[in-house]
Amino acid sequence: MSLPLRKSELAARYFPELASHQACNRLRRWIVRCAELHDRLRETGYRPEQRILTPRQVGLIARYLGEP
């Protein structure tokens, strides 16, 4: 079973070359641009301002965006 993950940690895995706030902003844009992912995340209670992602949310992001 996976544990919750800070959004900044996940963003850093996808964009290790960026500063933390830049990586978070880019991850947010990728999520919004993938309408199906965005809809599925909202079904889980996802809010763009949340800082901690549930294991289910992390799994959905990896499924739609690929593994970091």
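## Ground rules

Axes are lines fitted to C-alpha atoms, for helices over the stretch in contact, and angles run from 0 to 180 degrees between N-to-C directions. Helices (H or I, at least four residues) and strands (E, at least two) are DSSP runs, numbered from the N terminus.

This is a predicted model: local features need pLDDT of at least 70, side-chain atom pairs count only at pLDDT 80 or more, and totals for chains, interfaces and linings use all residues. Residues are numbered from 1 along each chain as its sequence is written, and side-chain values use heavy atoms, with hydrogens and water left out.

## H3 against H4

Start with helices H3 and H4. Their axes come within 10 Å and cross at roughly 170°. H3 and H4 are therefore roughly antiparallel to each other.

Which residues of H3 and H4 make the contact? From H3 come Glu36, Leu37, Arg40 and Leu41. From H4 come Arg56, Gln57, Leu60, Ile61, Arg63, Tyr64 and Leu65. Contact here means heavy atoms within 4.5 Å. By class, the contact of H3 with H4 holds six nonpolar, one polar and four charged residues. Ala, Val, Leu, Ile, Met, Phe, Trp, Tyr, Cys and Pro count as nonpolar; Asp, Glu, Lys and Arg count as charged; the others, Gly among them, are polar.

## H2 and its two partners

Helix H2 covers residues 20-33, and helix H3 covers residues 35-43. The axes of H2 and H3 come within 5 Å and cross at roughly 100°. That makes H2 roughly perpendicular to H3. On the H2 side, the contact uses Ile31, Val32 and Arg33. On the H3 side, it uses Ala35, Leu37, His38 and Leu41. Five residues of the contact of H2 with H3 are nonpolar, one is polar and one is charged.

H2 also packs against H1. The angle between H1 and H2 is about 85°, and their axes are 8 Å apart. H1 and H2 are therefore roughly perpendicular to each other. Lys7, Ser8, Leu10, Ala11, Ala12 and Tyr14 of H1 meet Ser20, Ala23, Cys24 and Leu27 of H2. The contact of H1 with H2 has seven nonpolar, two polar and one charged residues.

Which residues of helix H1 (residues 7-14) are buried? They are Lys7, Leu10, Ala11 and Tyr14. Buried means under 20% relative accessible area, exposed means over 50%, and partly exposed lies in between (1.4 Å probe, protein chains only). The four cover an arc of only 100° around the axis, which puts them on the same side of H1. That arc is taken from the directions from the helix axis to the C-beta atoms. Strand E1 (5-6), H2, strand E2 (52-53) and helix H4 (55-65) are included in what covers them.

In H4, the buried residues are Gln57, Val58, Leu60, Ile61 and Ala62. Their cover includes E1, H1, H2, H3 and E2. Take Gln57. At 1% relative accessibility, Gln57 counts as buried. Gln57 touches Leu41, Thr44, Gly45, Tyr46, Gln50 and Ile52, not counting residues up to four places away in sequence. After H4 comes Gly66, whose phi is positive, near 90°.

## Aromatic rings

How many aromatic pairs does a search of the whole structure find? It finds three. Rings of Phe, Tyr and Trp (its six-membered ring) pair if their centres lie within 6.5 Å; planes under 30 degrees apart are stacked, over 60 edge-to-face, and the rest tilted. Tyr14 and Phe15 form a tilted pair, at 6.2 Å centre to centre and 40° between the planes. Tyr14 and Phe15 are both buried.

Tyr14 and Trp30 form an edge-to-face pair, at 6.5 Å centre to centre and 65° between the planes. This pair links distant parts of the chain: Tyr14 is in H1 and Trp30 is in H2, 16 residues apart. Tyr14 counts as buried because its relative accessibility is 12%. Trp30 counts as partly exposed, at 34%. Tyr14, Phe15 and Trp30 form one aromatic cluster.

Gln22 is in helix H2. With a relative accessible area of 38%, Gln22 is partly exposed. Arg33 also lies in helix H2. Arg33 counts as exposed, at 66% relative accessibility. Arg33 and Lys7 are 26 residues apart in sequence and 17 Å apart in space, C-alpha to C-alpha.

Key:
Angles under 35 degrees count as roughly parallel, over 145 as roughly antiparallel, 65 to 115 as roughly perpendicular and the rest as oblique.
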